[in-house]
Each structure stands twice: as C-alpha cells, then as structure tokens.
Amino acid sequence: MRTATPRRYLMCPPAHFRVAYSINPWMDPDKPVDPALALFQWEDLRDRYRSLGHTVEILDPVAGLPDMVFAANGATVVDGRVLGARFANPERADEAPAHLAWFRAHGYTDVREPEHVNEAEGDFAVTSSWLLAGQGFRSSPLAHDEAQEFFARPVISLELTDPRYYHLDTALAVLDDTADEIMYYPGAFSPGSRAVLARLFPGALLATAEDAAAFGLNAVSDGLNVVLPREATGLHEPLRERGYVPVGVDLAEFHKAGGSVKCCTMELRPAPAG
Ligand SMILES: CN(C)C(=N)NCCC[C@H](N)C(=O)O
C-alpha cells in the first residue's frame with residue numbers, strides 16, 4: 001500500500017522566463033515562449049502540489065535570469081543541509097547566489113557554497129540508500145565527491161551520454177524515497193552506468209524512448225502521487241501497476257527550454273526529527 005508524505009517545495013515564478021539562448025538541444029531562441037501560458041501552466045503545477053497537501057515556498061524571480069524558473073537547479077537540500085549550485089554555463093551563473101540568499105534568509109544555517117560545478121537536483125537524486133549523481137554534460141564528477149562529503153550519504157556516479165538528457169533528472173526519477181524505487185530511461189546512460197542501475201534497482205520501471213522524449217522522467221513523486229508531464233502517457237499503466245497514481249500536468253511551454261515538472265520543483269528535505 002503506497003502512502004503520500006507531505007513535502008515542502010521551492011518554486012520560482014516564470015516572470016522572466018523565455019528562451020533567450022541555447023544551452024541544451026531543446027532550446028531554440030527562434031521558437032518563442034507564450035509568457036501568459038507559461039504562467040498559467042506554472043500556477044497549475046503549484047496549485048496541484050497544494051491540493052495534494054504539500055507546501056510550496058516561493059523564490060523571487062530575478063530579471064535577466066530566464067531559466068531561474070527551473071528552481072531545482074539552484075541547490076540541493078538533504079537533511080536540512082544546503083549544498084548550493086555552481087552552474088556550468090555563464091548564462092545561469094547568477095542564479096546560484098540568489099538561491100543561497102533565500103536559504104540564508106529563511107533560517108538555514110548549514111549552507112555550503114560549492115567548489116565544483118553542480119547543477120543541484122538537475123544532477124542529484126535522493127533515494128533512501130544513496131545520492132544518485134549525474135555527470136557528462138553539466139555537473140563535475142568532483143562535485144560528486146563534494147556532495148558525498150557534505151551530506152554524508154554514499155554517492156553513486158552515473159554517466160549521461162545523450163545530449164537531450166543532459167541532466168540526471170531528465171532520465172531518472174525517484175518514485176519512493178523510503179524504498180529505493182526509481183524509474184529511468186536506460187538509453188540515456190553509458191553501458192557501465194546502465195549496469196550499475198540494473199544491479200542497484202532490479203525492479204525499476206524502465207521508460208521507453210517516447211516517454212523519455214516527453215519528459216516523463218522529469219517527474220515528482222510524494223510516495224503515492226507521481227506528477228509528470230501529461231504527454232508521457234506510456235508511464236501511466238506501469239505506474240498504476242506499482243500502486244502509484246499518475247498526475248498529468250501540462251508544462252509544454254517549459255519543454256521549449258528543456259525542462260518540465262521536476263525542473264520547476266526543488267524539494268526542501270528536512271533535518272531528521274530528534
Ligand atoms: C531538473 N532540472 C532543473 C532540469 N533538468 N533543468 C532544466 C534546465 C533547463 C535550462 N534551460 C538549462 O539548460 O539549464
């Protein structure tokens with residue numbers, strides 16, 4: 001029997017969102033974003049979380065940072081400890097201090113400014129046993145060591161090889177963070193990393209190329225409800241068979257920048273009780 005646990009998320013409104021440059025294969029500055037539609041879709045996602053019983057905190061958007069809506073890239077929070085981001089591309093560099101300022105202003109005391117390039121939850125995924133960490137396009141393998149040391153959680157490094165899946169969270173999602181249950185698209189990983197995933201997660205849900213291309217792995221689970229882009233319909237049945245409830249949302253405007261549900265959602269994981 002699956003149960004949802006209430007979560008705390010940090011989201012950043014798309015006030016300045018647009019495709020102003022191209023730093024991944026999905027981005028084409030000649031394909032404009034509809035700002036009103038983007039806001040509508042983002043608000044629908046925020047309201048969906050609230051109606052599922054979750055708390056959504058808001059990070060103020062900064063003019064001139066069009067990708068800041070992808071809040072999951074700004075920091076990783078595990079056990080109430082905050083590892084800031086260091087972006088690979090200069091276009092996004094100024095998002096990192098804006099995130100750190102939010103955490104400092106909101107009572108977080110264990111905040112680390114990273115030494116190495118890491119794009120936060122874009123490349124870090126938290127399961128009950130491990131911190132899964134992507135590299136190949138954005139985050140540095142040195143950041144994996146830094147995260148292991150900071151969070152005192154064993155890190156499993158995974159190599160991404162397909163430029164369309166440039167962040168780990170475009171190719172892998174945690175479904176149950178108390179039981180090491182994940183779903184992923186094997187085609188996004190190197191042969192060695194695929195073998196590691198098969199060894200650690202023999203019961204994982206394997207996504208098809210179609211569901212991966214629809215950003216189906218860019219999903220957010222509370223242990224029961226799995227919020228994912230509405231186009232990723234092929235995942236619905238396998239999710240239901242495992243006892244999850246798929247919740248489809250329309251984030252098509254954000255797909256133009258190479259992001260979807262998870263990218264817009266940073267999880268604020270609390271310190272363990274006691
Ligand atoms: C999980 N997250 C946050 C993501 N996968 N992020 C999407 C980032 C999109 C942005 N245009 C970029 O290329 O950095």
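Predicted model: local features only at pLDDT ≥ 70, side-chain atom pairs only at ≥ 80, totals over all residues.
At 0% relative accessibility, cysteine 264 counts as buried.

**The cysteine pair**

How far is the sulfur of cysteine 264 from the closest cysteine sulfur? The gap to the sulfur of cysteine 263 is 6.5 Å, too far for a bond. A disulfide would need the two sulfur atoms within 2.5 Å, and by this rule the count comes to zero disulfides.

**Around the ligand**

Cysteine 263 turns up again at the ligand. There are 17 residues around the ligand, and those that come nearest are Asn24, Asn73, Arg92, Asp169 and Cys263.

| Residue | Ligand atom | Distance |
|---|---|---|
| Asparagine 24 | oxygen | 2.7 Å |
| Asparagine 73 | nitrogen | 3.0 Å |
| Histidine 167 | nitrogen | 2.8 Å |

How much of the ligand does the protein bury? Taken alone, the ligand exposes 390 Å², and the protein buries 100% of that.

Next, have a look at helix H3, which spans residues 141-151. Its buried residues are Ala143, His144, Glu146, Ala147, Phe150 and Phe151. Why do they belong to the same side of H3? They cover an arc of only 165° around the axis, which puts them there together. As a general point, an α-helix has 3.6 residues a turn, so residues three or four places apart point the same way. On the other side of H3, Asp145 and Glu149 are exposed.

What do the buried residues of H3 pack against? Their partners are strands: E3 (75-78), E4 (81-84), E5 (111-112), E6 (124-126), E7 (131-135) and E8 (155-159).

The ends of the helix are worth a glance too. Serine 140 caps the N-terminal end of H3, with a side-chain oxygen 2.9 Å from the backbone nitrogen of leucine 142. Following H3 comes alanine 152, which has a positive phi, near 55°.

**Leucine 205**

Our last stop is leucine 205, part of strand E11 (residues 205-206). Is leucine 205 buried or exposed? With a relative accessible area of 3%, leucine 205 is buried. Leaving aside neighbours within four places in sequence, leucine 205 is in contact with Ile182, Met183, Tyr184, Leu235, Pro238, Leu239 and Arg242. Take isoleucine 182 from that list: leucine 205 and isoleucine 182 are 23 residues apart in sequence, while their C-alpha atoms are 6.6 Å apart in space.

Note on methods:
Residues numbered from 1 in each chain as written. Heavy atoms only, no water. Buried < 20%, exposed > 50% of the residue type's maximum accessible area, 1.4 Å probe, protein only. Helix = DSSP H or I, 4+ residues; strand = E, 2+ residues; numbered from the N terminus. Arc of directions from axis to C-beta. Contact = heavy atoms within 4.5 Å. Polar contact = N/O pair within 3.5 Å; in protein donor to acceptor, adjacent residues only side chain to side chain. Near = heavy atom within 4 Å. Areas by Shrake-Rupley, 256 points an atom, 1.4 Å probe, with all protein chains shown as cover.
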